[in-house]
Amino acid sequence: ATGSAPAVPIDERFDIAYVTPVTIGTPPQTLMLDFDTGSSDLWVFSSHMPPFQVRGQEIYTPDESSTARLLEGHTWSIMYGDGSASRGNVYVDTFAVGGLTVLNQAVQTAQQVSASFTSATNIDGLVGLGFSTLNTVRPESQLTFFDNAKASLDNPVFTADLKYMAAGTYDFGFIDRAKYTGEITYVPIDPDPGYWIFTSSGYAVGASSNFSATPIIGIADTGTSLVYLPTAVLTAYYRQVQGATNSRSYGGYVFPCDSALPSFTFGVGEERFTIPASYIRYAPVTEGSATCFGGLQSSSELGINIWGDVALKAAFVVFDSRSPPRIGWAKK
Ligand SMILES: CC(C)(C)S(=O)(=O)N[C@@H](Cc1ccccc1)C(=O)N[C@@H](Cc1c[nH]c[nH+]1)C(=O)N[C@@H](CC1CCCCC1)C(O)(O)C(F)(F)C(=O)NCCN1CCOCC1
């Protein structure tokens, strides 16, 4: 089996996040979910939430699904890197995405979500694509939809082809030769922490002329909008940007929107990937401001480097869960 589904930016102007249509239950209920390689819970806005916490999101109503079964006595509770949180109960139901159907998928129904989820009106929940060891359901943790689907997939892989201000694609079970050019460069993944962690071979400010071969250990995270890297890398980059400052009030590097920006190159093995300056001129700090927030930010507060959407958009990425798991990067 294989599947293929669009990854649609939730916002016209900035690729804050991408959502993908899925159906849950019988008859099928359609929700737009954020496919997130940085976590491993599949949870949805649901009929169990207080109405004031729902602001336009689609909800899953298990009572209207003939195939829904409550997972007695199971609960979940998750906190994300940006402080947002949610918790609730667990059902098992039919889950389908891009032509791929998984029977008896654990669907975590929200009873409570934090304000940042309520205000993210275009995100109806998340589909974790991290390793199932990170799943928060207790007393028995549950498998991700990808782990449930793996045995029936033609190949145990999924790929991310995210795009700048346009709809991209998540493919499951196959690698679409038409989506990339040249060869795929694979590097090993350390699955123990539960993330897709790999080591980048280094970076360059601008094109790959002055490449600095310093290893950078980080996670490939479709659920994070920006790129978070070590301070040394950030200062080397923003030193080249007129008027750039690391602003405490805005919580990161900002610069005049009309400043000239270099591109940013990162290495995967011998291969080099360049993030265009346009991806790094991320967004005005507030509507209409002449000060822009950078798409490259410091990871010093996070304790982990994150290759988020700003980097993933610059490549075709293969999440290969053969054993041992590996990640592949190709130009497109
Ligand atoms: C808008 C912005 C200023 C660019 S933002 O930074 O706020 N963007 C958010 C994503 C977002 C989109 C739309 C609306 C609201 C929020 C963002 O990039 N959040 C990251 C920021 C971050 C990461 N680390 C530190 N800070 C994050 O939490 N991403 C998680 C998924 C997000 C959560 C909010 C809703 C959208 C999806 C994540 O899963 O990718 C994660 F990996 F960062 C994470 O937190 N994973 C949780 C891992 N735990 C470990 C323990 O077991 C359970 C799972």
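A polar contact here is a pair of N or O atoms within 3.5 Å; within protein, one must be able to donate a hydrogen and the other to accept it, and residues adjacent in sequence count only if both atoms are side-chain atoms. With that in hand, let's look at the ligand. This is a predicted model, where local features need pLDDT of at least 70 and side-chain atom pairs count only at pLDDT 80 or more, while totals for chains, interfaces and linings use all residues. Residues are numbered from 1 along each chain as its sequence is written, and side-chain values use heavy atoms, with hydrogens and water left out.

**The ligand site**

| Residue | Atom on the protein side | Distance to a ligand oxygen atom |
|---|---|---|
| Asp36 | polar side-chain atom | 2.5 Å |
| Gly81 | backbone N or O atom | 2.6 Å |
| Asp82 | backbone N or O atom | 3.1 Å |

On its own the ligand has 960 Å² of accessible area, and the protein covers 79% of that (Shrake-Rupley method, 1.4 Å probe). Around the ligand there are 23 residues, with Asp36, Gly38, Gly81, Asp221 and Ser225 the closest; being near takes a heavy atom within 4 Å. Sorted by class, that shell holds 11 nonpolar, 8 polar and 4 charged residues. Gly counts as polar in this scheme, and Asp, Glu, Lys and Arg as charged.

**Two buried residues**

Ser299 sits in the loop between β22 (296–298) and β23 (305–307); strands are DSSP runs of E, at least two residues, and helices are runs of H or I, at least four, numbered from the N terminus. Ser299 counts as buried because its relative accessibility is 6%, and the cut-offs are under 20% for buried, over 50% for exposed and partly exposed in between (1.4 Å probe, protein chains only). Its side chain makes a polar contact with the side chain of Asn305, at 2.6 Å.

Thr169 belongs to strand β10 (residues 166–172) and is also buried, at 15%. Thr169 is 160 residues from Pro9 in sequence, yet their C-alpha atoms are 11 Å apart in space.

Which peptide bond has omega near -10 degrees? The cis one from Thr26 to Pro27, with Pro27 in the loop between β2 (18–24) and β3 (29–36). Arg138 and Pro139 are joined by a cis bond too, omega about 5 degrees.

Asn104, in strand β7 (residues 100–113), has a positive phi near 55 degrees without being a glycine, and is exposed at 59%. Met165 likewise has a positive phi, about 50 degrees, and is partly exposed at 38%.
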